[in-house]
Amino acid sequence: PSQTSEEYRVNGKVLPDSVDRDGLSTSFEISDGDTPLAVTTDEPLPDAFWTAMANDSSEVDVVARGSYNGRVFTASQVLAKCPSKFKAKVAAEKAN
């Protein structure tokens, strides 16, 4: 039997201490504040992800696109954003 693979997009904050990297494969959990979701990807993660993790692992927001099997979200693309960093930069630019 063939399964239809729908593509979904999810977003949330990366849970600190949930990131596990093994070669190109990376797994981590994200949460909307209530429910954690396990995410795995074989794609390289963007530099913004690792930079944000190094600066403040509790403030890393990601958007992931991929498929969900009811247990694990397999991402074909992961985008990272670090809003606190951008807010600080904008505030600094306005002050000058």
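Student: Is Gly70 buried or exposed?
Tutor: Gly70 counts as exposed, because its relative accessibility is 54%, where exposed means over 50%, buried under 20% and partly exposed in between, with a 1.4 Å probe and protein chains only. Before we go on, this is a predicted model in which local features need pLDDT of at least 70 and side-chain atom pairs count only at pLDDT 80 or more, while totals for chains, interfaces and linings use all residues. Residues are numbered from 1 along each chain as its sequence is written, and side-chain values use heavy atoms, with hydrogens and water left out.

Student: Where does Gly70 lie?
Tutor: Gly70 lies in the loop between strand 5 and strand 6, strands being DSSP runs of E with at least two residues and helices runs of H or I with at least four, numbered from the N terminus. In this hairpin, which has three residues between the strands, Gly70 takes a positive phi near 95 degrees.

Student: How many bridges join strand 5 to strand 6?
Tutor: Eight bridges join strand 5 to strand 6 (residues 72-81), and the two run antiparallel; strands pair if DSSP finds at least two bridges between them. Within this pairing, Arg65 stands opposite Gln77 of strand 6.

Student: And what about strand 1 and strand 5?
Tutor: Strand 1 (residues 8-14) and strand 5 (residues 61-68) are also antiparallel, joined by six bridges, and Gly12 has Val62 as its bridge partner in strand 5.

Student: Which residues have the most contacts inside the largest nonpolar core?
Tutor: They are Val14, Phe28, Ile30, Phe49 and Val62, in a core of 16 residues; such a core is a set of buried Ala, Val, Leu, Ile, Met, Phe, Trp, Tyr and Cys residues joined through side-chain atoms within 4.5 Å. Strand 1, strand 3 (25-31), strand 4, helix 1 (47-55), strand 5 and strand 6 each supply at least two of its residues.

Student: New topic: is Thr41 buried or exposed?
Tutor: Thr41, which lies in strand 4 (residues 36-41), is buried, because its relative accessible area is 1%.

Student: What does the side chain of Thr41 reach?
Tutor: The side chain of Thr41 reaches the backbone nitrogen of Glu43 at 3.0 Å, and a polar atom of that side chain lies 2.9 Å from the backbone oxygen of Ala75. Setting aside neighbours within four places in sequence, the residues in contact with Thr41 (heavy atoms within 4.5 Å) are Leu24, Ser25, Thr26, Ala75 and Val78.

Definitions and conventions:
Polar contact = N/O pair within 3.5 Å; in protein donor to acceptor, adjacent residues only side chain to side chain.
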